[in-house]
Amino acid sequence: MLEPHEDDVRWMRQALALAKQGIGTTHPNPRVGAVVVKDGVLLGEGWHRCAGEPHAEVHALADAGAQARGATIYVTLEPCSATGRTPACTQAIMQAGIARVVFASSDVNPQMAAGGAYLQQRGVEVCAGVLADEADALNRAFFHYIRHGRAWIALKAAISLDGKLATRTHDSQWITGAEARQHVHQMRAQSDAIVVGAGTLRDDNPSLTVRDAPLRGTPPLRVVLARTTPECLAHYQLLNTQEAASRIYVYQHNEHSAAWQDAGVEVMQVDDLKAVFQHLAEDGCLQVMVEGGGQIHAALLEHDLADELLLYQAPVLIGGVDAVNLWHGRGVAMMSDALRFKDVQRQMLGQDCLIRADIH
């Protein structure tokens, strides 16, 4: 692979901006953008819109037309080398007469990888790794699924200064202010599924819909985890709100399961917690936000299944030994065993502070 040229970063940034247009629409495929450039002039651009439709390179080459011959194509992910739902992008690049290919992320999917080497062997100049970190971050849920076979799990929580999710009576509305709650809806809009436990369903009766943010694609799947199917009551907003599909994962069916199914909710039986997120990923839900409560957070942390933390901390104190904790489980015995985070980011949202960090 060759070294990048002076303008490669500039054009790759434009391709990355296009790739972001696919947030919320491309799952289970990665988000990819591409631009075709010749002699410093933009000839064509495109991004992958949704699974089953042409990839970003094909859109950009079609936009450029015959002018693409002898040009450079910048693409945020290594061009695929095999036919899947659509033909291989390496073939489209060869047929268009592209002289140079610059890509950011290397494709970790073994079924589609090595497109760069394929093109280079056929006389196309190839440059890899330009803005790779930014491109990798855009598709980390996809890469995580390819490597680990399960969804990327982000734990979201609104907490007080003393680390409480709710009071001793399980009242939690509202710990944070309007700006923080709006940001949560932005994060929901970027997720493929939103997950809560039976306790949160019972205490908060959430709708789990996207309301205060633009939604580009299909509304996220609404998921409940429970030991058994909760009693089917008409007041549950999961039943009264039809904007998005709902699913309940249970360890054991009971007499209420059929009623939920009759109401249009999928009821799936699983053996363990990991199986839930493997199943979600197999269904195309690669980026999942778990909104609570404390017992689910504890289970995911203690089983080493959580990948990211989204902590909205408000300047309030709740107190009380019976209040609901963020990690509502045993926790660790020694400080040497405490979870350590990396890539910690902080953002003020009104009076509240968002702490965002990777867990692994």
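1. A cavity, in the sense used here, is a set of grid points where a 1.4 Å probe fits but cannot get out. With that in mind, welcome to this predicted model. A search of the whole structure turns up one cavity of 30 Å³ or more.

2. The largest cavity holds about 120 Å³. Its lining is made up of 15 residues, and those nearest the centre are Thr26, His27, Asn29, Arg31 and Ala141.

3. The largest share of the lining, six residues, belongs to α6.

4. In general, strands of a sheet pair through backbone hydrogen bonds, either parallel or antiparallel. Here five strands make an open sheet with mixed pairing, in the order β2-β1-β3-β4-β5. Strands β2 (41-47) and β5 (125-128) each have a single partner strand, so one side of each is left without a neighbour in the sheet. From one strand to the next, the twist averages 15 degrees.

5. How do β1 and β2 run relative to each other, parallel or antiparallel? Strand β1 (residues 33-38) and β2 are antiparallel, and six bridges join them. You can find one of the partners by eye: Gly33 is bridged to Trp47 in β2.

6. Helix α1 (residues 8-19) packs on this sheet and touches β1, β2, β3 (72-77), β4 (100-105) and β5. The direction of α1 makes about 145 degrees with that of β1.

7. Is Ser257 buried or exposed? The relative accessible area of Ser257 is 5%, and a residue counts as buried when that value is under 20%, so Ser257 is buried.

8. What does Ser257 touch? Leaving aside neighbours within four places in sequence, Ser257 is in contact with Thr229 and Val267. With Thr229 there is also a polar contact, made between the two side chains at 2.7 Å.

Methods
Residues are numbered from 1 along each chain as its sequence is written. This is a predicted model: local features need pLDDT of at least 70, side-chain atom pairs count only at pLDDT 80 or more; totals for chains, interfaces and linings use all residues. Side-chain values use heavy atoms; hydrogens and water are left out. Two strands pair if DSSP finds at least two bridges between them. Helices (H or I, at least four residues) and strands (E, at least two) are DSSP runs, numbered from the N terminus. Axes are lines fitted to C-alpha atoms, for helices over the stretch in contact, and angles run from 0 to 180 degrees between N-to-C directions. Contact means heavy atoms within 4.5 Å. Buried means under 20% relative accessible area, exposed over 50%, partly exposed in between (1.4 Å probe, protein chains only). A polar contact is a pair of N or O atoms within 3.5 Å; within protein, one must be able to donate a hydrogen and the other to accept it, and residues adjacent in sequence count only if both atoms are side-chain atoms. On a 1 Å grid over the protein atoms alone, a cavity is a set of points where a 1.4 Å probe fits but cannot get out, and a pocket is an open set with protein on both sides within 12 Å along at least five of seven lines; lining residues have an atom within 4 Å of a point. Grid points are joined across faces, edges and corners, and a volume is the space filled by probe spheres set on the points.
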